[in-house]
Amino acid sequence: MTDGATTPPNLLSDLNEDQRIAVTHEGGPLLIVAGAGTGKTTTLTHRVAALIARGADPRRILLLTFTRRAAAEMLQRVEASLRKIDTPSGPSDPRMAARGVVGGTFHAVSARLLRQFGSGVGLPPDFTVVDRADAEDIVNAVRGELELPQKMPKFPKKATCTAVYSRIVNTGVGLTETLENDYPHLIDFSDGLRDLFRSYRERKRAEAVLDYDDLLLYWDQLLADERAGPMLRKQFDHVLVDEYQDTNPLQASILRQLRPDGDGLTVVGDDAQAIYGFRGATVRNILDFTDTFGDATIVPLELNYRSRQPILDLANDVIGGATERLEKNLRASRPDGPRPMLVRAQDEAEQASFIADEVLALTEQGFELRGQAVLFRSSYHSAPLEIELNRRGIPFHKYGGIKFIETAHVKDLVAFLRLAENPRDSLSARRVLTLLPGIGEKSAARLADRLREADHDFAAWDDFNPPAATKEFWPGFVKLLRQLLGADDAWMSVEEQVRAVRLFYDGLIEFVHDHAATRRKDLEQLEVLSARSSDRRSFLTEMTLDPPTSTRELASRPPEEDEDFLTLSTIHSAKGLEFDAVFVMNCYDGAIPSDMSLESDEKIDEERRLCYVALTRARTHLYCCHPLRQYTKRRGLSDAYGFTPLSRFLSGDVQSRFNERSAGGEPLPEKPLSTEPLANVRSAVDQRLDSMWD
DNA sequence: GTTGACCAGCTTTTT
DNA sequence: GCTGGTCAAC
């Protein structure tokens with residue numbers, strides 16, 4: 001396939017020796033163990049460019065990434081690399097060449113594949129894909145219909161059931177074993193869960209609905225089929241996988257089946273950065289790569305181009321305590337630099353105001369906002385900071401946390417389109433029906449049944465006698481659905497369809513939700529966003545598989561060239577990114593590591609890697625901030641769990657690795673004020689108030 | 001029989 | 001702020 005053609009020298013000029021080996025490697029399976037900041041993306045994109053330059057057909061290259069954003073960025077960089085080549089073997093139009101490469105997430109690639117080849121396994125091409133929240137709602141609906149044993153402690157709730165189900169599918173570990181290992185407290189429910197999962201599967205099949213897990217499962221099963229498998233294998237000569245440490249056993253199986261002997265397979269990853277164990281990913285995939293593919297070549301990338309040595313020293317210390325890992329030694333190519341800063345704040349407000357001050361101070365020194373980021377373990381941790389930034393007019397974009405697509409009003413609107421796209425989808429039917437006043441769960445379920453019995457013809461709803469409260473809405477409601485159903489024939493664009501729903505929904509939104517005004521604005525935004533999709537089907541698929549991930553992607557106007565903004569992100573969503581200055585918020589025990597993860601060594605190890613990911617995002621300045629007190633609804637104002645931040649990850653004297661600083665400017669007492677006197681003050685205030693109206 | 005108002009409790013990370 | 005449960009009113 002590459003005919004022994006040589007790699008154009010231009011493509012190698014910027015690379016170090018190890019990277020060159022990885023880029024020019026031919027034939028058998030290749031594992032690139034790329035430490036943080038070692039030019040992983042550069043290596044991967046150069047490798048794709050080199051394959052193309054050596055004559056590989058771009059359409060027969062599959063590039064699997066973790067997000068679509070990553071895929072798009074990589075293909076852009078492949079393009080840039082191809083432009084550097086002006087040897088005769090270089091393709092004439094690099095843009096077209098790079099565009100031919102099939103790229104995306106495992107899930108998105110599978111969805112495309114199943115639209116084409118799914119009919120053989122009984123998947124109609126108009127199947128719809130549901131996200132996690134919808135899957136939970138279907139599970140919940142099924143659970144309600146089933147006669148489940150109501151044992152003493154109650155049957156697990158929908159989120160738990162769905163999590164168990166998903167873990168089973170993605171790890172391939174059976175129900176009993178999964179319960180024993182990961183959910184020992186649910187062992188008594190195994191019969192009920194088994195029934196539930198069976199019904200859930202049947203419901204999805206009857207309604208032509210796939211969840212995230214089905215996408216992988218069907219792809220894997222197609223590959224195992226003796227007729228379909230060989231066809232699918234022949235589709236690609238080269239398969240490259242980014243972030244391999246975050247793949248799960250099902251994804252590994254797909255890869256094994258795509259390239260059984262590993263020929264043409266390249267995986268890139270860093271076991272030290274595996275942070276998706278909670279959704280079934282396993283470090284074993286990368287640790288066992290050489291066992292799976294006997295003749296695998298391993299190329300470690302150890303020269304770090306990103307972080308200054310003091311930052312790297314700290315990160316290496318943190319990861320040094322991990323139990324099992326592939327050996328590598330990160331060396332900095334940028335030796336000197338400021339030591340990481342440990343910042344103590346009295347409380348979260350002071351932490352927020354310190355970060356805002358320091359961000360501005362760095363701006364004065366010439367660092368742009370876009371080169372700075374604030375990272376946190378949980379999305380809601382950033383709330384006080386967001387308030388502070390808004391107050392000071394510092395522009396920022398937030399990644400991670402609840403997404404636009406997950407908000408109730410957006411789901412409402414999308415449900416109309418989903419129902420029109422796939423009228424078998426009873427979840428969407430019930431969702432849109434219950435929006436109407438006077439129609440609740442029961443009536444909605446009955447109407448959904450009628451629709452099914454009428455073979456999904458909306459005429460079934462014509463002779464429905466609506467309750468008084470919804471008389472005025474009903475005709476418009478049915479008319480709208482008819483209109484959406486005929487949208488294709490009427491050449492109605494997605495944007496027009498969204499607008500039609502929006503106008504109808506406008507009359508209901510006040511009844512259904514608070515804050516109607518802001519929600520209306522969101523829906524206008526959604527209409528703008530929908531214009532980018534060519535048709536309804538791809539709009540719906542993109543919204544579930546690649547929803548907008550930040551407030552920036554939702555901006556209706558394209559970002560201006562000189563627009564500058566600070567990045568706020570969960571650590572998870574910051575994977576793969578780098579910044580000149582990084583602030584890690586809430587570095588106290590209970591937040592980092594999360595108190596939800598303290599129950600087992602494996603979970604704490606994942607928190608350790610998460611911490612490592614956070615630290616290694618920084619190029620020059622790194623701040624680890626921790627408030628001494630925090631305010632929670634549950635406990636009120638209280639001491640943050642651990643006074644020594646990161647002590648769970650660092651042995652010995654934590655402070656000695658940092659320069660210390662107090663956020664408030666004043667030297668702090670060794671221990672924070674006890675909360676005892678504060679409680680007294682509060683009761684005194686209560687007494688005073690009582691005396692005023694008694 | 002249904003709907004919807006009201007209250008209590010909890011809230012990780014995401015394809 | 002969202003979900004699940006309870007209960008009064010339609």
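Mentor: Begin with a definition: a charge sits over a ring if NZ of Lys or CZ of Arg is within 6 Å of the ring centre and within 35 degrees of the ring normal. This is a predicted model, where local features need pLDDT of at least 70, side-chain atom pairs count only at pLDDT 80 or more, and totals for chains, interfaces and linings use all residues. Side-chain values use heavy atoms, without hydrogens and water, residues are numbered from 1 along each chain as its sequence is written, and chains are lettered from A and ligands numbered from 1 in the order in which they are written.

Trainee: Over the face of which residue does Lys575 lie?

Mentor: The distance from Lys575 to the ring centre is 3.4 Å. The ring in question is that of Phe66.

Trainee: Why is the pair of Phe155 and Phe189 edge-to-face?

Mentor: Rings of Phe, Tyr and Trp (its six-membered ring) pair if their centres lie within 6.5 Å; planes under 30 degrees apart count as stacked, over 60 as edge-to-face and the rest as tilted. The centres of Phe155 and Phe189 are 5.4 Å apart. The pair is edge-to-face because the planes are at 80°.

Trainee: Is Phe189 buried or exposed?

Mentor: Buried means under 20% relative accessible area, exposed over 50%, partly exposed in between (1.4 Å probe, protein chains only). Phe155, at 7%, is buried. Phe189 has 4% relative accessibility, so Phe189 counts as buried.

Trainee: How many aromatic pairs does a search of the whole structure find?

Mentor: Ring pairs link a cluster that includes Phe416, Trp461 and Phe504. The search of the whole structure gives 19.
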